[in-house]
Amino acid sequence: MNIFDCLDELQAELFEKSYEELEAKYYELCSTNVEGNEAKRIRNINVDIFEAQLKSSFQEVLHITNEHSAKAIYFEYDMENNWESIFFVCEEYSSLSEGDDGWASDWIDEIEGPSHKEFAQVYKENGFDTTDKARAITLFLIVRTLIAFGTVAKSMKLDVPLCIGFHDQDPVMRIKE
């Protein structure tokens, strides 16, 4: 299992499946590739505070986006640093099919987002993708992050593309094009 192939598959699934279906699929993947209760542990991590903090930051981001007639919003989280996150309000945007995410490095403004220390702790215990266990855990943590972010985004009025990725992810994932 190559994690980047899985991320490509996940991108397609973001447009085809519900968040419930995604969570169930990646919970099952984690459950079958990891002994013990890691999948259940990850599923049971509370994201309520994370989502509330996302919503608060999102409101500020939307104000800036509208004020500057920005073309996209990119949300980045850093798995290596307590899952700290930042919103980038971007001046340009290229669709996924264009295969160029250089636009995500050129932003008008940035707004600090929340961190999630419990996700970070699970990640630090396992790493990114050195074993099947680490890959399955990383993918499930990514999916839980995507779902929390997407859930908040659905409650907001968005008129621009919305993207998400972990630090140095390429390509970034599109939630809304």
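## Briefing on cores, aromatic pairs and a pocket

Leaving aside neighbours within four places in sequence, Ser-94 is in contact with Asp-100, Trp-103 and Arg-174. This is a predicted model, and in it Ser-94 sits in the loop between E2 and strand E3 (107–112), where its relative accessibility of 12% makes it count as buried, because buried means under 20%.

**Nonpolar cores**

- The largest nonpolar core has 56 residues, and those with the most contacts inside it are Leu-10, Phe-58, Ile-73, Phe-87 and Phe-149; the element that gives the most to this core is H6, with 13 residues.
- Leu-10, when residues up to four places away in sequence are not counted, touches Leu-22, Tyr-26, Ile-142, Val-143, Leu-146 and Met-173.
- A second, separate core is made up of 10 residues, among them Tyr-93, Ala-104, Cys-163 and Val-172.
- Leu-146 belongs to helix H6 (residues 132–154) and counts as buried, at 2% relative accessibility.
- Not counting residues up to four places away in sequence, Leu-146 touches Leu-10, Leu-14, Ile-164, Met-173 and Ile-175, while its C-alpha atom is separated by 18 Å from that of Ile-111, a residue 35 places away along the chain.

**Aromatic pairs around Trp-83**

- The structure holds 17 aromatic pairs, and one of them joins Trp-83 and Phe-119 in an edge-to-face arrangement, at 5.7 Å centre to centre and with 75 degrees between the planes.
- Because Trp-83 lies in the loop between E1 and E2 and Phe-119 in helix H5 (residues 117–126), this pair ties together parts that are 36 residues apart in sequence; both Trp-83 and Phe-119 are buried.
- Trp-83 also pairs with Tyr-123, and since their ring centres are 6.0 Å apart and their planes stand at 70 degrees, this pair is edge-to-face too.
- With Trp-83 in the loop between E1 and E2 and Tyr-123 in helix H5, the pair ties together parts that are 40 residues apart in sequence, and Tyr-123, like Trp-83, is buried.
- Ring pairs link a cluster that takes in Phe-4, Phe-58, Phe-75, Tyr-77, Trp-83, Phe-87, Phe-119, Tyr-123, Phe-128, Phe-149 and Phe-166.

**The largest pocket**

- The volume of the largest pocket is about 240 Å³, and its lining comprises 18 residues, of which Tyr-74, Glu-76, Ser-105, His-167 and Asp-168 lie nearest its centre.
- Strand E1 (72–78) and strand E2 (84–90) are the elements that give two or more residues to this lining.
- By residue class, the lining divides into 8 nonpolar, 4 polar and 6 charged residues.

**Backbone features**

- Most residues other than glycine have a negative phi, and most peptide bonds are trans.
- Trp-83, in the loop between E1 and E2, has a positive phi near 60 degrees and is buried, with a relative accessible area of 0%.
- Asp-168, in the loop between E4 and E5, has a positive phi near 70 degrees, but it counts as exposed, at 63% relative accessibility.
- A cis peptide bond, with omega about 0 degrees, joins Asp-170 and Pro-171, and Pro-171 lies in the loop between strand E4 (162–166) and strand E5 (173–176).

Notes
Residues are numbered from 1 along each chain as its sequence is written. This is a predicted model: local features need pLDDT of at least 70, side-chain atom pairs count only at pLDDT 80 or more; totals for chains, interfaces and linings use all residues. Side-chain values use heavy atoms; hydrogens and water are left out. Helices (H or I, at least four residues) and strands (E, at least two) are DSSP runs, numbered from the N terminus. Buried means under 20% relative accessible area, exposed over 50%, partly exposed in between (1.4 Å probe, protein chains only). Contact means heavy atoms within 4.5 Å. A nonpolar core is a set of buried Ala, Val, Leu, Ile, Met, Phe, Trp, Tyr and Cys residues joined through side-chain atoms within 4.5 Å. On a 1 Å grid over the protein atoms alone, a cavity is a set of points where a 1.4 Å probe fits but cannot get out, and a pocket is an open set with protein on both sides within 12 Å along at least five of seven lines; lining residues have an atom within 4 Å of a point. Grid points are joined across faces, edges and corners, and a volume is the space filled by probe spheres set on the points. Ala, Val, Leu, Ile, Met, Phe, Trp, Tyr, Cys and Pro count as nonpolar, Asp, Glu, Lys and Arg as charged, and the others, Gly among them, as polar. Rings of Phe, Tyr and Trp (its six-membered ring) pair if their centres lie within 6.5 Å; planes under 30 degrees apart count as stacked, over 60 as edge-to-face and the rest as tilted.
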